[in-house]
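Student: Hi, could you help me look through this protein? I'm new to reading structures.
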Amino acid sequence: MAEEPQFPPLPDLGEILDRKDRFKPKKTTILKCNECKAKYPREFKAGDYVFKKVSDEKCKECNRSTTLIVEEIYSEWIDPKKEK
Ligand SMILES: [Zn+2]
């Protein structure tokens, strides 16, 4: 009686593709205020890059017109079905 060949488990590509189909990428920029040193996230805007100086926006925390530095940019997958 022949044994069935055993293959190492493959990553479940179907699941990954489903995920890509369902989830929407969302990019977030972390800004740091030069004035009050607050760090907060805001929606990624085209042209944002790490260490960029943003001078045309007000700090969300202290509301002063200062220089905000882009500290970090990250993207995540959002499940649109979970968003209200
Ligand atoms: Zn501030």
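Tutor: Happy to; let's go through the parts and then the pairing of strands. Keep in mind that this is a predicted model.

Student: Okay! How many helices and strands are there in the protein?

Tutor: The protein has one helix and four strands.

Student: Which strands does β1 pair with?

Tutor: β1, residues 24–33, is joined to β4, residues 68–78, by ten bridges. β1 is also joined to β2, residues 39–43, by five bridges. Both pairings are antiparallel.

Student: Can you point me to some residues? What stands opposite L31 in β4?

Tutor: That would be V70. For the β2 side, look at T29, whose bridge partner is R42.

Student: What lies between β1 and β2?

Tutor: Five residues separate the two strands, which form a hairpin. In the turn you'll find K37, with a positive phi of about 65°.

Student: New topic: how much of the protein is buried?

Tutor: Of its 84 residues, 23% count as buried. The accessible surface is about 7,200 Å², and carbon and sulfur atoms make up 51% of that.

Conventions. Residues numbered from 1 in each chain as written. Predicted model: local features only at pLDDT ≥ 70, side-chain atom pairs only at ≥ 80, totals over all residues. Heavy atoms only, no water. Buried < 20%, exposed > 50% of the residue type's maximum accessible area, 1.4 Å probe, protein only. Areas by Shrake-Rupley, 256 points an atom, 1.4 Å probe, with all protein chains shown as cover. Pairing = 2+ DSSP bridges.
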